Amino acid sequence: MNRIKTTFENLKKNKKLALMPFLVAGFPNFGQSLKLLKTLATEADLLEIGFPYSDPLADGPVIQRADQVALRAGSTTSKVFKLIKELRRTTEIPITVLVYANLVYQRGVEKFYHDAKVAGVDGILIPDVPFEEMNIFFQVAQKNDVANICLIATTTNTTRLKQIFKFAQGYLYLTSVVGITGARKDIPQKTLSYLKQLKKQTKLPIAVGFGIANKAQVKKLKVSGADGVIVGSSLIKLINKSSKIDFRYLLKFLRRLNS
Amino acid sequence: MPSLLELEHAYKKFQNNKSIQVELKTLQRNFIGRPTSLYFAKQLSVFAGQKIYLKREDLAHTGAHKINNALGQALLAKFMGKSRIIAETGAGQHGVATAAVCAKLGLECTIYMGEVDIQRQQPNVVRMRLLGAKVVSVSSGSKTLKDAINEAIRDWISNVETTHYLLGSVLGPHPYPTIVRNFQKVIGQEARNQILAAEGKLPDYLIACVGGGSNSIGLFHKFLNDPQVKMIGVEAGGLGIKSGKHAVRFSGGREGILHGTKSFVLQDTDGQITETHSISAGLDYPSIGPEHSYLHQLKRVRYVSVTDKEALSAFQLLSKKEGIIPALESAHAVAYALKFAKKLLKNKIIIINLSGRGDKDLPEMEKGLKS
């Protein structure tokens, strides 16, 4: 959990934005996935890793397909933890995971958070649990010293925000659009003004995700006060583009986003 | 989540709004054609040695009980000021009902339907399009009802301000299971009065098929406080439980979280939702309404299953004996009733919910008969 805090503090001192790539664990297979994450860790400030799921409700077609590819290649919850453990041996970068509620519930909430901690995970985001149902996950997160990452959207009103602040740790994940993941060209004006308002209400760093694909978007977000950007679908699209993964090109793409 | 709170709040107001309730009653009568009859199936009764009544939801407008909920929720959506309706559909009955109600009430309508279901329920796809709905083919996952729900939820969270998600069964997050059950409980309310008028007493058994569980809960609800009335829910046994190709949540499933509800779910050890199989698209779903899980645990309702094959032969039998072509979904309830009848003393009163008519299944039926 401290890794997240230190990272954002250091970036803030240098007036830099956190670059936070998202990848699906085990996509396209275990070996390549590990290599991808290790490579991205050299350029990124934080890694977000998704547990592949059969029914990823918050995700658009690109991540849905990546989930299916990973599952077909044999990804399981235990293998994802193994992957993170191996990744952790080579990097001290903060790692957060995105996981749908049923995977946590089936492993047992206690065991899931414990295994995550042991593997080297710093924060957990469960996109299909609203704060009304969050207490049990939150308590176990506390116990294991894993940050409880919360999602918000521009439709989240002040009353709900106040409630969410009680549970939010690490950073706030603001979705750039109301909806699902997937690359878009621009950032809605509404999101930028919401971001400015949000900045005044919290000391937590704010990372914006869903739809981030180009430099112009990142610039706008930075000006409006974002502390980080999460890039998922557009990265996975690049990986899908050719049969052989061009690792150097991926790094170049990331670097360019935040230049 | 804010949209669910908005829905819950609006639904409370809707229930207390007298003029809307009057409008709902009027449309139930004139548009749907309620009450549907409780029909004494004489030939079938002789064949089974029991007194078998069919609650004729197949006679409701658009051919199934689905219209009860579609009409109610569409009125609720209008009441909330929404201009656009989205819905998922498995067999297409909920899609057709939603499309019809939207046409009548002047609402824009988009229906999500799995690619596999589009193929096996072609007649309903044509009907939806004729009624002015946009039908979106869903090709993710198992390409059936579960995936259509995923896609509808994704649409809803992207367009929540203008759009009402008209969920078709007693599934999904609160308040949906309650709302849908309340719009369907009219089935049991009518059936209870009708059987008392016909027989002067309550039935011994109620039998209904269970996919998500809306027709069954609709029939059961009014009888829950009548301890002498036993209830049976029939799940889709597909190729048999041992084959692994089925949708029997209460035999192969365990507690899990899907589509915002904790209930019995068919899944692997990790919690990945597994693919289901049933000849009937409307029963082909890996979870079951949470109220059914509750009734199962209370042992108030007994849940059983019949295979594709048994459903197919009941489909034919009812057609030949009574001149009624049932939906393949409802044929599951008929199949179990006939099997069960052999174990009973003579002349028990059994009400089967004939949840829909089978026109939509004729292409699939032909295939099933050949194989």
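This is a predicted model: local features need pLDDT of at least 70, side-chain atom pairs count only at pLDDT 80 or more; totals for chains, interfaces and linings use all residues.
Residues are numbered from 1 along each chain as written, chains are lettered from A, and side-chain values use heavy atoms, without hydrogens or water.

**Chain B overall**
- Chain B has 16 helices and 12 strands (DSSP runs: H or I of at least four residues, E of at least two, numbered from the N terminus).
- Its C-alpha trace spans about 55 × 45 × 40 Å along the principal axes.
- Of the 371 residues in chain B, 63% are buried (under 20% relative accessible area; exposed is over 50%, partly exposed in between, with a 1.4 Å probe and protein chains only).

- Most residues other than glycine have a negative phi, and most peptide bonds are trans.
- In chain B, the bond from Arg34(B) to Pro35(B) is cis, with omega near -5°, and Pro35(B) sits in the loop between helix H2 (18-32) and strand S1 (38-40).
- Another cis bond runs from His174(B) to Pro175(B), with omega near 10°; Pro175(B) is in the loop between strand S6 (163-165) and helix H9 (176-184).
- Over in chain A, Lys15(A) has a positive phi, near 55°, and is exposed at 67% relative accessibility.
- Asp145(A) also has phi near 55°, but counts as partly exposed at 37%.

**Arg256(A)**
- Arg256(A) belongs to helix H12 of chain A and is partly exposed, at 43% relative accessibility.
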